[in-house]
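My entries follow in the order I made them.

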Amino acid sequence: MAGSSNDSSPDLTRDQPKPAIQLCHQTGQVPEAAPDWLTAYELERFSGLSGTRAAEFLTSRWLIRQALSKAGSAKPDCCWPENGRPTTSASPAGWHLSLSHSHGLSACATQYGSALGIDIEPSKRHPQWQKVAKRWFSPIEQEWLFQEDDAHTFLRAWTLKEAWLKATGRGIAGNLQTLEIRRNFELYGDQPDDHWQACAFYTEGFLCSLVFRQTEGGHFGAWPTITLLEPPPEDYSLSIAEPLDTHWEPMFQRRIRSKRR
């Protein structure tokens, strides 16, 4: 099974509650003047950045508007997030979103009415992961991860935990074990219900993990809409970005069971 960004899929609406993921590569360009579509809060943030961080910030804010435009059927210049960490939309209202960026790729996930979290990592990354696992992972996780002894398996677990923390609105410190990942990626979270689910896939040389809470009308097994957009233009203008040909390879979908049972 594989997907394509050119698969014929209807735009998300409030009656189609599955998440959507928009991705784009960063250009690395920083315009001489800040785009006029930035909010006052965003402009203040941008003014303190330079170089790669400035390009990364502009790309993510440009991508948020492209994602909300597609999700809410609105023009990109009519879309923007709430101030602060961009987890909800100010216009159009009611959308939750999550950002991730790594090594030149940005991702924005959206869903109406319910929080979600996304995390991406280069699939060829070879981290020195053993110390991280010993310090932050549970004894159950450490046991099977050290038996597997594979950096890519660790990355799958790490991105799932990152996505879980984003979806549940928490930071890393003291919270990495709130999602316990058991052998064969059996998932147990500390939330009191079983409406949470996770999926993971490869695309553009990256591993992507998404965690979201199933909304009313949704069903387990439906993959999010996954679209790679053309990169932002040099001036970061907000014309509607065209989708590019890309393929994604599904890894797994899992329900996140409650550890409180």
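**Strand pairing.** I began with strand 5 and strand 6 (residues 105–112), which run antiparallel and are joined by 8 bridges. I took two strands as paired if DSSP finds at least two bridges between them. Strands (E, at least two residues) and helices (H or I, at least four) are DSSP runs, numbered from the N terminus. One bridge I looked up is that of Ser100, whose partner in strand 6 is Ala107.

**Ground rules.** I note that the model is predicted, so I kept its limits in view: local features need pLDDT of at least 70, side-chain atom pairs count only at pLDDT 80 or more, and totals for chains, interfaces and linings use all residues. Residues are numbered from 1 along each chain as its sequence is written, and side-chain values use heavy atoms, with hydrogens and water left out.

Which strands form the open sheet, and in what order? I read 4 strands in the order 5-6-2-12, with mixed pairing. Strand 5 (95–102) and strand 12 (225–228) each have a single partner strand, so they stand at the edges and one side of each has no neighbour in the sheet. From one strand to the next, the twist averages 15°.

**Helix across the sheet.** Helix 2 (residues 51–72) lies across strand 2 (20–25), strand 5, strand 6 and strand 12. Helix 2 runs at about 35° to strand 6. Contact here means heavy atoms within 4.5 Å. Axes are lines fitted to C-alpha atoms, for helices over the stretch in contact, and angles run from 0 to 180 degrees between N-to-C directions.

**Trp223.** I found Trp223 in the loop between strand 11 (206–213) and strand 12. Trp223 and Ala20 are 203 residues apart in sequence, yet their C-alpha atoms are 8.8 Å apart in space. Is Trp223 buried or exposed? Trp223 has 13% relative accessibility, so I logged it as buried. The cut-offs are under 20% relative accessible area for buried, over 50% for exposed and partly exposed in between (1.4 Å probe, protein chains only).

**Cysteines.** I counted 0 disulfides, a disulfide being a pair of cysteine sulfur atoms within 2.5 Å. Cys24 is buried at 0% relative accessibility. For Cys79, the closest cysteine sulfur is in Cys78, at 6.5 Å, again too far for a bond. Cys79 is buried at 1%.

**Aromatic rings.** I found 12 aromatic pairs. Rings of Phe, Tyr and Trp (its six-membered ring) pair if their centres lie within 6.5 Å; planes under 30 degrees apart are stacked, over 60 edge-to-face and the rest tilted. Trp129 and Phe154 have ring centres 5.5 Å apart and planes at 25°, so I logged them as stacked. Trp129 lies in the loop between strand 7 (116–122) and helix 3 (130–136), and Phe154 in helix 5 (residues 151–167), so the pair ties together parts 25 residues apart in sequence. Trp129 is buried at 3%, and Phe154 is buried at 4%.

Phe137 and Trp158 are also stacked, at 6.3 Å centre to centre and 5° between planes. Both Phe137 and Trp158 are buried. I logged one aromatic cluster of Trp129, Phe137, Phe146, Phe154 and Trp158.

**Charges over rings.** The charged end of Lys161 sits over the ring of Phe137, 4.8 Å from its centre. Arg182 lies over the face of Tyr188, 4.0 Å from the ring centre. My criterion was NZ of Lys or CZ of Arg within 6 Å of the ring centre and within 35 degrees of the ring normal.
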